[in-house]
Amino acid sequence: MGVEVVTFGCRLNAFEAEVIRSKAEDAGLSDTIVINSCAVTNEAVAQARQSIRKLKRERPGARIVVTGCAAQTQAAMFADMAEVDRVVGNDDKMRGEAWRETHAAFDVGAGEKIAVSDIMTVKEMAPHLVDGYASGLPRVFVQVQNGCDHRCTFCIIPFGRGNSRSVPMGAVVEQARTLVERGHAEIVLTGVDLTSYGTDLPGAPKLGMLTRQILRHVPGLKRLRISSIDSIEADDDLLDAIAGDSRLMPHLHLSLQSGDDMILKRMKRRHSRQDAIAFCEQVRRLRPDIAFGADIIAGFPTETEEMFSHSLDLVEECGLTFLHVFPYSPRPGTPAARMPQVARPVIKERANRLRAAGEAALRKRLQAEVGATRDVLIESAGQGRTEHYLPVAVAGERVGSIVRLEITASDGARLIV
């Protein structure tokens with residue numbers, strides 16, 4: 001058995017899983033399961049713990065290593081689990097040395113169980129080109145940024161990821177060029193706080209400049225997509241690229257979190273409700289067919305029914321298509337955990353209402369696509385996605401190709417051709 005990586009959480013974790021597998025195998029590890037954990041909610045941590053116990057029952061002879069954000073912030077808790085053989089830090093997991101040390105510790109059957117360094121001391125970020133991507137895989141990720149300098153009151157992630165740091169622009173462009181040469185049709189730029197890209201680099205280039213450099217210097221790239229952004233930090237170059245280059249996909253996922261100004265202040269967010277609405281209106285003028293997704297938290301401490309209604313209304317006012325709903329979960333050590341809490345049944349009920357609004361918004365957008373002709377990236381034998389990231393049921397198309405198809409119907413969850 002080789003190295004199996006079980007990933008929880010964000011797209012960035014999914015990208016990093018490929019790096020972890022490669023470096024762990026290069027270090028000589030075998031019959032090892034790596035849990036790449038998430039700390040964004042209590043539920044995510046609980047899922048990791050449940051998975052560890054289940055995997056140990058299924059494969060009692062395998063070594064289990066825990067890494068990721070929850071391992072960084074709660075190392076002792078995982079180390080106390082009898083099923084866990086080692087805990088590796090969130091920055092350490094990207095370094096071959098950490099996996100060589102892990103292999104050595106397993107060989108001698110001794111040593112410290114916790115191998116977690118101080119992530120707040122990490123100042124630079126090395127580029128990681130994933131060699132494990134299969135040639136022709138339709139969509140691949142390029143990590144351009146990690147960490148976060150902001151301190152939203154609900155969020156533990158800066159303590160799991162460290163401060164913001166960026167991959168130099170030239171290295172990102174070179175990675176994009178290499179991936180295109182390998183036959184990948186779509187590249188997604190990813191990071192923890194993507195719109196803070198470049199603040200630590202010479203000259204402080206912004207995400208918009210990086211985007212334009214990729215589009216300019218990698219002419220063979222068919223599609224460039226941007227993952228979650230903080231709309232208040234979107235710069236003019238990024239808006240110009242959205243307006244002027246069809247290879248930049250008309251789909252943005254926004255870190256909104258709430259639609260109520262008082263809750264936004266208590267979250268220590270840097271935008272207002274009107275800022276969010278104005279941004280969506282501005283971008284829609286530049287790219288009328290754009291699709292927006294958003295993260296929204298239900299039941300943040302002190303949230304009243306009226307405050308929640310402002311978040312619910314934001315779905316319509318911002319014209320959101322995709323909703324990622326988080327029932328509020330108090331994270332130990334965060335300011336929000338010390339605020340007056342909303343009752344759990346109320347949080348659950350509000351999250352359900354938000355999800356229902358999101359499902360209705362998606363159905364509405366899918367129905368509006370009927371009769372349109374879209375360029376569909378074929379992801380698998382049965383599904384593709386449009387430029388707007390809308391799922392399409394397909395059959396008989398070559399995986400990895402981009403095919404122009406007429407949308408004939410919608411089943412409420414996917415488009416039909």
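Leaving aside residues up to four places away in sequence, I277 touches L314, E317 and C318. The model shown here is predicted. I277 sits in helix α11, which covers residues 273-286. Is I277 buried or exposed? Its relative accessible area is 6%, and buried means under 20%, so I277 counts as buried.

Now turn to another part of the structure, a sheet. Three strands form an open sheet in the order β6-β9-β10, and their pairing is parallel. Which strands lie at the edges? They are β6, residues 139-143, and β10, residues 223-226, each of which pairs on one side only. From one strand to the next, the twist averages 25 degrees.

The pairing of β6 with β9 can be followed in detail. Strand β9 spans residues 186-190, and five bridges join it to β6 in the parallel sense. To find one of these positions in the structure, look for Q143: its bridge partner in β9 is T190.

Helix α7, made of residues 169-181, lies across β6 and β9. The direction of α7 is at about 165 degrees to β6. Helix α8, residues 207-217, packs on the sheet as well, where it touches β9 and β10. The angle between the directions of α8 and β10 is about 165 degrees.

How values were computed: Residues numbered from 1 in each chain as written. Predicted model: local features only at pLDDT ≥ 70, side-chain atom pairs only at ≥ 80, totals over all residues. Heavy atoms only, no water. Pairing = 2+ DSSP bridges. Helix = DSSP H or I, 4+ residues; strand = E, 2+ residues; numbered from the N terminus. Axes fitted to C-alpha atoms, helices over the stretch in contact; angles between N-to-C directions. Contact = heavy atoms within 4.5 Å. Buried < 20%, exposed > 50% of the residue type's maximum accessible area, 1.4 Å probe, protein only.
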